[in-house]
Amino acid sequence: MATVPSYRWRLAPDGLATRRQLRALGLRPGGQDVAGQLERPRRRREPLVAYLYRIEQAKPVRPMTPAKWAALDKANAARRICPKCRRDAGYVIPPSLGMCATCAYPEDEQRAA
């Protein structure tokens, strides 16, 4: 693999963008090779690296199909179902609890009643 040019943070030349910047423009890298990299220095650690791609070679983001929307809806619905009581919590269940707030803190529910 050929070496790619490195630029200091915020000093990339015009015409190059990171994946996030491309996405904000409605673009994706589209299979092109990395054109450069940004390096952000950090104290006592390796620098942060962000890869750069050419904007003129980027392709438009593929639109969501009805099947993709359905799969996304199904996945989000699964994250809302409490594994303990099997009810829709009405919000995404936090992984730290692993269950809805009602099941995680039953004493608070009894106090409110």
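Is Gln37 buried or exposed at 14% relative accessibility? In this predicted model, for which local features need pLDDT of at least 70, side-chain atom pairs count only at pLDDT 80 or more, and totals for chains, interfaces and linings use all residues, Gln37 counts as buried because its relative accessibility is 14%, where buried means under 20% relative accessible area, exposed over 50% and partly exposed in between, with a 1.4 Å probe and protein chains only. Residues are numbered from 1 along each chain as its sequence is written, and side-chain values use heavy atoms, with hydrogens and water left out.

Gln37 lies in strand 4 (residues 36-40), strands (E, at least two residues) and helices (H or I, at least four) being DSSP runs numbered from the N terminus. Strand 4 runs parallel to strand 1 (residues 6-8), to which three bridges join it, and antiparallel to strand 5 (residues 48-54), with five bridges; strands pair if DSSP finds at least two bridges between them. Tyr7 stands opposite Leu38 of strand 4, while Gly36 has Leu52 in strand 5 as its bridge partner.

Beyond its neighbours within four places in sequence, Gln37 is in contact with residues including Val4, Tyr7, Val49 and Leu52, contact meaning heavy atoms within 4.5 Å.

Thr18, placed in the loop between strand 2 (16-17) and helix 1 (19-24), is likewise buried, with a relative accessible area of 12%. With neighbours within four places in sequence set aside, Thr18 is in contact with Leu38, Ala50, Tyr51 and Leu52.
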